[in-house]
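Work through these exercises with the model in view. Try each task before you read its solution.

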Amino acid sequence: MDILKLFTNKSFRLTFSLLSGIAYYVIILRFILSNTENGGMLLAFFFFPAIICGCALLIYKAAQNALQNENTSSLKHIFFTNIIIAIIAALMLVSYFI
């Protein structure tokens with residue numbers, strides 16, 4: 001699996017950024033729900049598009065800039081960091097329901 005080949009595909013970059021944005025949202029959702037007594041879900045609902053789309057846009061732009069500069073180490077860093085964050089988000093989501 002070559003990460004550079006994956007990131008040259010625009011649809012992979014978009015999908016990866018969107019899934020990473022969802023992972024960031026899960027982490028922030030867990031923080032909001034643990035620190036609010038009432039109305040935490042409404043607050044999380046209001047910030048839903050800003051968090052997901054904002055994070056996805058930042059990740060997409062960072063990957064696109066790394067591709068333009070042919071910086072493979074930066075692409076690997078973006079990929080593996082967001083994979084680790086997605087794993088953390090999945091564990092947080094599972095622990096919330098258990």
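Helices here are DSSP runs (H or I, at least four residues), numbered from the N terminus. This is a predicted model, in which local features need pLDDT of at least 70 and side-chain atom pairs count only at pLDDT 80 or more, while totals for chains, interfaces and linings use all residues. Residues are numbered from 1 along each chain as its sequence is written, and side-chain values use heavy atoms, with hydrogens and water left out.

**Exercise 1.** Find where Glu70 is placed, and decide whether Glu70 is buried or exposed.

Solution.
- Start with the place: Glu70 is in the loop between helix 3 (40–68) and helix 4.
- Next, check the backbone. Phi of Glu70 is near 55°, a positive value in a residue other than glycine.
- Now apply the accessibility cut-offs: buried is under 20% relative accessible area, exposed is over 50%, partly exposed is in between (1.4 Å probe, protein chains only).
- Glu70 has a relative accessible area of 69%, so Glu70 is exposed.

**Exercise 2.** Describe how helix 2 and helix 4 cross.

Solution.
- Two packed helices are described by the angle between their axes and the distance between the axes.
- The axes of helix 2 (residues 10–35) and helix 4 (residues 72–97) come within 9 Å and cross at roughly 40°. Axes are lines fitted to C-alpha atoms over the stretch in contact, and angles run from 0 to 180 degrees between N-to-C directions.
- That angle makes helix 2 oblique to helix 4. Angles under 35 degrees count as roughly parallel, over 145 as roughly antiparallel, 65 to 115 as roughly perpendicular and the rest as oblique.
- Then list contacts, meaning heavy atoms within 4.5 Å. Helix 2 contributes residues including Phe12, Phe16 and Arg30; helix 4 contributes residues including Phe79, Asn82 and Met92.

**Exercise 3.** Classify the ring pairs Phe7 with Phe16 and Phe79 with Phe80.

Solution.
- Rings of Phe, Tyr and Trp (its six-membered ring) pair if their centres lie within 6.5 Å; planes under 30 degrees apart are stacked, over 60 edge-to-face and the rest tilted.
- Phe7 and Phe16 are 5.6 Å apart, centre to centre, with 85° between the planes: edge-to-face.
- Phe79 and Phe80 have centres 5.2 Å apart and planes at 75°, so this pair is edge-to-face.
- Check burial. Phe7 is buried at 1%, and Phe16 is buried at 9%. Phe79 is buried at 8%, but Phe80 is partly exposed at 42%.
- Finally, group the rings: Phe7, Phe12, Phe16, Phe79 and Phe80 form one aromatic cluster.

Methods: Helix = DSSP H or I, 4+ residues; strand = E, 2+ residues; numbered from the N terminus.
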